[in-house]
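Biologist: I would like to learn how to read a predicted model. Could you take me through some of its features in turn?

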Amino acid sequence: MAFKRSELREKCMVILYQYDLMKNSNLNINIDDIIKENMEIENEYVKDIVYGVITHQEELDLLANKYIKDWTIDRLDKTGAAILRIALFELKYTDTPEIVVINEAVELAKKFSDEAIKKIINAVLDKIIK
């Protein structure tokens, strides 16, 4: 079964959300198991994004916090934080066009977060590319 990139980003968000929940609950975490639970077939894009976000999370959070006005990424809901981290990772470490990254992040935020989180994500990404 082939997935569109937007569907794969959604899978990445779910995986990172679950990882974050488990990490904060001090549960034994195996990211490969979380990926397998969410993906019927192995997908390199998903692995690259998920492992990239986890590997660079501290750096991505610092970058986000630099541009979030009067707020920090850890105060966002877990889905909003996952969406923002994915977008920041894509902007910094992939050749995905900036407009695509922002549009995909905003669309995910519309679907899974509230209006305030969507606006924060959009504003942070907009500031970063300018």
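**Reading the model**

Modeller: Start with Y51, which is partly exposed, at a relative accessible area of 30%. Buried means under 20% relative accessible area, exposed over 50%, and partly exposed in between, with a 1.4 Å probe and protein chains only. This is a predicted model, in which local features need pLDDT of at least 70 and side-chain atom pairs count only at pLDDT 80 or more, while totals for chains, interfaces and linings use all residues. Residues are numbered from 1 along each chain as its sequence is written, and side-chain values use heavy atoms, with hydrogens and water left out.

Biologist: Where does Y51 lie, and which residues does Y51 touch?

Modeller: Y51 lies in helix 3. Helices are DSSP runs of H or I, at least four residues, numbered from the N terminus. Contact means heavy atoms within 4.5 Å. Not counting residues up to four places away in sequence, Y51 touches I31, D32 and I35. For a distance across the fold, take Y51 and L91: they are 40 residues apart along the chain, and their C-alpha atoms are separated by 15 Å.

Biologist: Which residues of helix 2 are buried?

Modeller: In helix 2 the buried residues are I31, I34, I35 and N38. They line one face of the helix, because they fall within an arc of 100 degrees when seen down the helix axis. The arc is that of the directions from the axis to the C-beta atoms. The face turned away from this buried side carries the exposed residues K36 and E37.

Biologist: Which helices do the buried residues of helix 2 pack against?

Modeller: They pack against helix 1 and helix 3.

Biologist: Helix 1 comes next, then. Is L8 buried or exposed?

Modeller: L8 is in helix 1 and is buried, with a relative accessible area of 4%. Beyond four places in sequence, L8 touches F3, M39, N43, Y45 and V46. L8 and I83 are 75 residues apart along the chain, with 12 Å between their C-alpha atoms. V14, also in helix 1, is partly exposed at 24%.

Biologist: V46 is among the contacts of L8. Which residues touch the most other members of the largest nonpolar core?

Modeller: A nonpolar core is a set of buried Ala, Val, Leu, Ile, Met, Phe, Trp, Tyr and Cys residues joined through side-chain atoms within 4.5 Å. Here the largest has 40 residues, and V46, V50, L84, I121 and L125 touch the most other members. Two or more residues come from each of helix 1, helix 2 (31-38), helix 3 (44-55), helix 4 (57-67), helix 5, helix 6 and helix 7 (115-129). Helix 5 gives the most, with nine residues. As for V46, it is in contact with L8, C12, I15, I35 and M39, leaving aside neighbours within four places in sequence.

Biologist: What lines the largest cavity?

Modeller: Its volume is about 70 Å³, and its lining is L16, Y19, D20, K23, V53, Q57, K78, A82 and R85. Helix 1 gives the most to this lining, with four residues. By type, the lining has four nonpolar, one polar and four charged residues.

Biologist: And what lines the second largest cavity?

Modeller: That cavity, of about 40 Å³, is lined by R9, I83, I86, A87, E90, V101, E104, A105 and L108. Helix 5 and helix 6 (98-112) each supply at least two of the lining residues. R9 itself lies in helix 1 (residues 5-24) and counts as buried, at 3% relative accessibility. Among the contacts of R9 beyond four places in sequence are I86, E90, E104 and L108.

Biologist: One last feature. Which backbone angle stands out at D70?

Modeller: D70 has a positive phi of about 55 degrees although it is not a glycine. D70 lies in the loop between helix 4 and helix 5 and is exposed, at 65% relative accessible area.

Definitions and conventions
1 Å grid on protein atoms, 1.4 Å probe; cavity = no way out; pocket = protein on both sides within 12 Å on 5 of 7 lines; lining within 4 Å. Points joined across faces, edges and corners; volume = space filled by probe spheres on them. Nonpolar A, V, L, I, M, F, W, Y, C, P; charged D, E, K, R; others polar.
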